Structure formats: structure tokens, C-alpha cells
Amino acid sequence: GKEMKSTNHQTIRRSIFLTALALVVVLSACSQPCPEVAEKTYHHLVILGDPHLPGQHLAHKEKVRKTINSWQDVDLVIAVGDICAEYGTEAEYAAARAFFAKLDKPLAAVAGNHDVIYETPSWPGGGGYLGASSATREAKLKLFRESFGLAEHYYSRMIGGYLLIFLSTDHESFATGISEPQLGWLRAELARHPATPTIIVFHGPLQGTQHAFKQYINRPHAIAQPAETIHAFITANPQVFLWVSGHTHTPPTEESYASPINIYAGQ
């Protein structure tokens, strides 16, 4: 996770949450419940990265949810994928629904690789991550949509004068890839809003926006794909000023968490 600010977009205030093996909370807000805000001049988006539910350290994750619920000024909580612990099973989605049912704030979610692309092992104890068939992926995407009340697994919404675009992992060949139908929708959505400041949310980070602090960083399966197509979309649409991602479990102790390398194509 990372935060970048533009002088043209100072009304966005963000609290960034990372969940790796243990949940790390980085915030700039009240340690106690915040007072009611009479007149807001900003929009507060809470970014919740890779919760892997139910997974390990569930009590820590529940504490994060309780903290978010205590804030009075939250416009939207954004879950950036890997909502499920491992395979996107019915049990994992049930745990995710139960977890977010206790969230008192509006929620927007996207699917990550652990939510849709892996075959569920047919024997106890798992057996690694094998790519799922097209039918299995479609079934898990359907379960994702049903779990979060979505008509489609990619969508947009306006908050103030900002366009937020939510994209999900659904490519046949990439762990963090975007399918052709979804890219077609993205192309049309950007064309409809050429002058609207735009934030894109997707599970995978953009190519080259982190230092290689893990062996897979910036590798093909760890970035938003197809990289060349996405690059063309972004550079042709200067209204896109922020790409919000998860996947790499970047801790705030890592240089990549807030670094000039986060700036993509000078944009």
C-alpha cells in the first residue's frame, strides 16, 4: 500500500491499512472516537488491503474494523482484494460476509487472485495454488458478486468531484490481470469522464512502482496485467492521478511504502 498526494487533489484524505501475516494499521486520525464533523471539506477513504479472511490473526482484523467503525467521517471503505484467505471457497466468502456485516461504513470491494483464480484443493491440507478452470473462475466471481451485492465485478462511483473505478482480477493467464471485456468497459468509462479526477482501484500494483524488496516484486504475476495495455490507458488519460493496490503486502517500514518510485510514468 502507498499514498501519493497531488496539490490539485488535496480534499482526499486517506487512511491506509495493510494486512499481511499480522495486520498493520497506519493512520492519521483520532485515537478515540472522532467527534461529529459539522462541515466536511474532504472525503475520507479507508483503504483495507488483503484481509485474507478468516485467515490468521482474526482478532487483530476485528480490532481494525472496530476502529474504522469509531470514525465518524468515513465516506467509503475500499477492500483491495484477497478478501478470502486462500482459494475463494464458500466457507471463506461466508467468513468475509460475516466480517463485513459488522462494518458500519459503506464498502466497495474488488477481487484479488486469492478470491477467484485458484482451484480449491479436493483433499485436506490443500496442495499449493493451481490455476482454476474457466468455469471455476466464473463460479467464484459469481460468489464474489453475490457476497458484496454487485451486479458486476467491475464498476465505478462518484464521490464529490472524483471518479472511483473498481477493477477485479479476472484474466485467464495472469494472477493479477484484467480481462478484455473489463478493459473494454474501462476504456469506455474513462472516455465518458475525460476531465474528472480519477482514482483506479485494483489488486495488483503498476509495473515498476516498488523496489524489489521481495523476489516477486515487479514480476509478471505480481503487477497489473496486461501491462502495456494498462500503460497506454493511463498515459492517454491524465485525469487518472492515483492507482490504489494491494497484493504485495508492503509494510510501512519498507522504502517502497512512500517513495518517488511510486510515481508512474510521471503521472
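**Salt bridges in a predicted model**

The protein exposes about 12100 Å², and carbon and sulfur atoms supply 55% of this area (Shrake-Rupley method, 1.4 Å probe; for residues, only the protein chains shown count as cover). This is a predicted model, in which local features need pLDDT of at least 70, side-chain atom pairs count only at pLDDT 80 or more, and totals for chains, interfaces and linings use all residues. Residues are numbered from 1 along each chain as its sequence is written, and side-chain values use heavy atoms, leaving out hydrogens and water.

**View 1. Asp 75 and Lys 40 meet in a salt bridge.** A salt bridge is a side-chain nitrogen of Lys or Arg within 4 Å of a carboxyl oxygen of Asp or Glu; here the N to O distance is 2.6 Å. Asp 75 lies in strand S4 (residues 74-79) and Lys 40 in the loop between strands S2 (23-26) and S3 (43-49), so the pair ties together parts 35 residues apart in sequence. Strands (E, at least two residues) and helices (H or I, at least four) are DSSP runs, numbered from the N terminus. Asp 75 is partly exposed at 25% relative accessible area, and Lys 40 is partly exposed at 32% (buried is under 20%, exposed over 50%, partly exposed in between; 1.4 Å probe, protein chains only).

**View 2. Arg 145 and Glu 152 form a salt bridge.** The N to O distance is 3.7 Å. Arg 145 is buried at 17% relative accessibility, whereas Glu 152 is partly exposed at 30%.

**View 3. Glu 189 and Arg 192 pair within helix H5 (residues 180-192).** Their side chains meet in a salt bridge at 2.2 Å, N to O. The two residues are three apart, about one turn of the helix. Glu 189 is buried at 5% relative accessibility, while Arg 192 is exposed at 52%.
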